[in-house]
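Me: Please take a close look at one part of this model for me. I would like to follow the aromatic rings, step by step.

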Amino acid sequence: TVVDYLHSRGITPLLATNPVFPGTATRARIRWAGLQPEDFCHITVMENSAYAKPNPVYYEKLLEQVGVKAEDCLMVGNDVREDGAAMALGMPVFFLTDCLIDRQGTDLSPYPHGNFQDLLEFLKNSFAAKNGT
């Protein structure tokens with residue numbers, strides 16, 4: 001999986017889900033998806049978030065909480081409006097198209113996008129380019 005690949009590269013992903021559920025419910029949803037809450041270094045939930053997507057302040061506060069810069073992250077999401085809001089802070093975005101939510105019919109050609117396998121290839125190519133391999 002993508003999560004396993006990131007772990008193999010020494011990266012623990014963050015789960016930036018819209019924080020509309022309490023932590024208990026969000027952790028249950030993570031398990032339903034076949035993952036474990038421990039797979040993530042941080043999970044946005046109702047108890048630790050004062051803002052929600054698509055408000056750019058949601059992303060600003062999240063970056064502050066984990067101490068990283070927007071340009072050092074990759075937002076992966078399926079909602080063009082809500083997840084795409086991260087771009088306002090200079091955070092690159094990869095749109096998952098399997099379950100894409102795009103109420104406005106956005107042209108995705110300028111952005112990295114595709115299914116989970118495409119995401120995995122994108123990450124592998126990004127790491128290879130970054131490391132010169």
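Reply: Start with Phe95. This is a predicted model, and in it Phe95 is buried, with a relative accessible area of 1%. The cut-off for buried is under 20%, so Phe95 qualifies.

Now look for its partner. The ring of Phe95 pairs with the ring of Tyr111. Their centres are 5.8 Å apart. Their planes meet at 85 degrees, so the pair is edge-to-face. The cut-off for that label is over 60 degrees. Where do Phe95 and Tyr111 sit in the chain? Phe95 is in strand E4, while Tyr111 is in the loop between E4 and strand E5 (113-114). The two are 16 residues apart, and the pair links distant parts of the chain. Tyr111 has 29% relative accessibility, so Tyr111 counts as partly exposed.

The structure holds 3 aromatic pairs. Another of them joins Phe94 and Phe122. This pair is tilted, with 5.4 Å from centre to centre and 50 degrees between the planes. It also links distant parts of the chain: Phe94 lies in strand E4 (residues 93-96), and Phe122 lies in helix H5 (residues 116-131). They are 28 residues apart.

Phe122 is at 27%, so Phe122 counts as partly exposed.

Strand E4 holds Phe94 and Phe95. Phe94 pairs with a residue of helix H5. Phe95 pairs with a residue of the loop between E4 and E5.

How values were computed
Residues numbered from 1 in each chain as written. Predicted model: local features only at pLDDT ≥ 70, side-chain atom pairs only at ≥ 80, totals over all residues. Heavy atoms only, no water. Phe/Tyr/Trp six-rings, centres within 6.5 Å; stacked < 30°, edge-to-face > 60°. Helix = DSSP H or I, 4+ residues; strand = E, 2+ residues; numbered from the N terminus. Buried < 20%, exposed > 50% of the residue type's maximum accessible area, 1.4 Å probe, protein only.
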